[in-house]
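Thanks for asking me to look this one over. Here are my notes, in the order I would read them with the model open.

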Amino acid sequence: MPFKLIIGLLLTPFSLIFGCVTAIRRFLYRHRILLSEESPVPAIDIGNIAVGGTGKTPHTQYVIELLKRDFHVAMLSRGYGRSSKGYQSVKQCDSTQINAKTFGDEPFMTHCRFPEIPLAVDGDRAEGVRNLLDEDPDIKVVVLDDAYQHLSFRPTFHVLLTEYNRPYRPDMPMPAGKLREFPCAARDADVIIVTKVPENANTEESKWRHQLRLKPHQHLFFTRFRYEPLTPVTEAAQKMDVQSVRDIVVLTGIAHPKPLIDHLKQYNIVKHYAFPDHHEYTEKEIQSIYNQHFDNIGNECILVTTEKDWMRLQSERMINIVSLLPVFVVRVEVEFLTDTQRDKFNQIITGHVRS
């Protein structure tokens with residue numbers, strides 16, 4: 001019997017216990033036995049059931065981009081990986097405090113894209129929304145990043161993400177599986193998006209609705225990532241002609257880097273430094289990469305990383321080393337598989353806010 005199967009069988013009882021605890025908790029909130037605080041303004045949650053890697057941040061940014069055209073929108077996140085505590089907002093911080101250390105890499109990345117949008121982080125979503133509205137009473141809608149399991153606060157709309165190659169069915173809760181809850185928790189979602197759909201993949205709606213056991217009122221959409229051209233972000237990179245570059249070193253600290261690596265196969269990948277999701281880089285690690293690949297005059301190699309990783313590479317203790325590297329960033333955008341799906345999704349989201 002394969003080793004992984006044995007481990008999975010041994011962990012299954014713990015997964016069932018964990019899943020039952022989370023299911024009972026959701027049942028108590030769903031039936032108002034435990035009380036949750038309702039949002040005073042439209043609040044759209046972009047969440048998931050799986051542990052990381054479904055594309056919450058790009059989809060959150062898509063929704064913000066959509067809503068900011070017509071509404072005064074704000075964003076609230078837990079701020080995973082930050083060193084600060086409690087409620088923190090961009091409005092209350094000076095420029096030296098607005099970084100990944102204070103807000104977490106993903107919220108900081110969103111702020112860099114939308115500096116005009118009120119943004120805050122707080123582990124307590126209800127308190128976070130209240131504080132945001134106290135700071136800016138004109139806010140008409142709040143976009144919440146990863147609040148699907150935060151049941152003490154009740155958003156007005158749930159968008160649930162599931163990855164094409166790792167759908168929440170069939171899977172089971174941790175530690176034997178990759179889920180935070182039993183798959184039946186998806187019944188509380190208003191919209192389900194299957195993300196990271198490969199080219200020429202099977203996206204037959206009836207098949208996916210059956211597999212995910214969706215209710216008739218739940219909308220189903222499919223999206224994929226579109227990678228933007230490499231963008232130079234350091235002075236050393238801006239001096240280089242990226243069109244002539246063939247050799248690249250890739251640095252990632254994300255959950256599932258394979259789609260990015262597949263996209264970059266047009267280059268010669270000299271080395272891929274793969275770290276865990278939200279990895280906090282050290283001076284020693286970056287210095288080692290510099291010594292291995294860039295301490296050589298005439299070397300035409302470049303360092304390619306993600307937008308999220310770039311947020312963490314700009315810390316004060318490392319910027320002196322990082323600034324010497326020819327760093328290029330790959331930005332990720334979300335696109336729906338068809339214009340019809342995109343338009344329908346946009347109509348559902350804006351219609352919810354208006355109503």
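Before the points, one term: a contact here means heavy atoms within 4.5 Å. Please also keep in mind that this is a predicted model.

1. T57, Q61 and I64 in α2 are in contact with E106, M109, T110 and R113 in α4. Helix α2 covers residues 56-67 and helix α4 residues 105-113; their axes come within 11 Å and cross at roughly 35°. The crossing of α2 past α4 is right-handed.

2. Now the chain as a whole. Its secondary structure amounts to 12 helices and 16 strands. The radius of gyration is 21 Å, close to the 20 Å that the globule rule gives for 355 residues, so the chain is as compact as a globular protein of that length. Along the principal axes, the C-alpha atoms fill a box of roughly 65 × 60 × 40 Å.

3. Burial and surface go well together here. Of the 355 residues, 52% count as buried. The chain exposes about 17400 Å², and carbon and sulfur atoms supply 53% of that area.

4. A word on contact range. Taking contacts in the protein chain with a separation of 6 or more, 77% of them come from residues 24 or more positions apart.

5. Next, a sheet to trace on screen. Five strands make up an open sheet with mixed pairing, and their order is β11-β15-β14-β12-β13. At its edges are β11 (231-232) and β13 (268-274), each of which pairs on one side only.

6. How does β11 pair with β15? The two strands run in the antiparallel sense, joined over two bridges, with β15 spanning residues 327-330. For P232, the bridge partner in β15 is F328.

7. Helix α9 (residues 283-293) lies across β12 (247-252), β13 and β14 (302-306), and α9 runs at about 160° to β13.

8. Finally, a residue I would click on: T252, which is found in strand β12. Is T252 buried or exposed? Buried means under 20% relative accessible area, and T252 has a value of 0%, so T252 counts as buried. Leaving out residues up to four places away in sequence, T252 touches P257, L260, H272, Y273, A274, F275, Y281, T306 and D309.

Key. Residues are numbered from 1 along each chain as its sequence is written. This is a predicted model: local features need pLDDT of at least 70, side-chain atom pairs count only at pLDDT 80 or more; totals for chains, interfaces and linings use all residues. Side-chain values use heavy atoms; hydrogens and water are left out. Two strands pair if DSSP finds at least two bridges between them. Helices (H or I, at least four residues) and strands (E, at least two) are DSSP runs, numbered from the N terminus. Axes are lines fitted to C-alpha atoms, for helices over the stretch in contact, and angles run from 0 to 180 degrees between N-to-C directions. The radius of gyration is taken over C-alpha atoms; the globule rule is 2.2 Å times the number of residues to the power 0.38. Buried means under 20% relative accessible area, exposed over 50%, partly exposed in between (1.4 Å probe, protein chains only). Accessible areas come from the Shrake-Rupley method with a 1.4 Å probe; for residues, only the protein chains shown count as cover. A crossing is left-handed if the near helix is turned anticlockwise from the far one by less than a right angle, and right-handed if clockwise.
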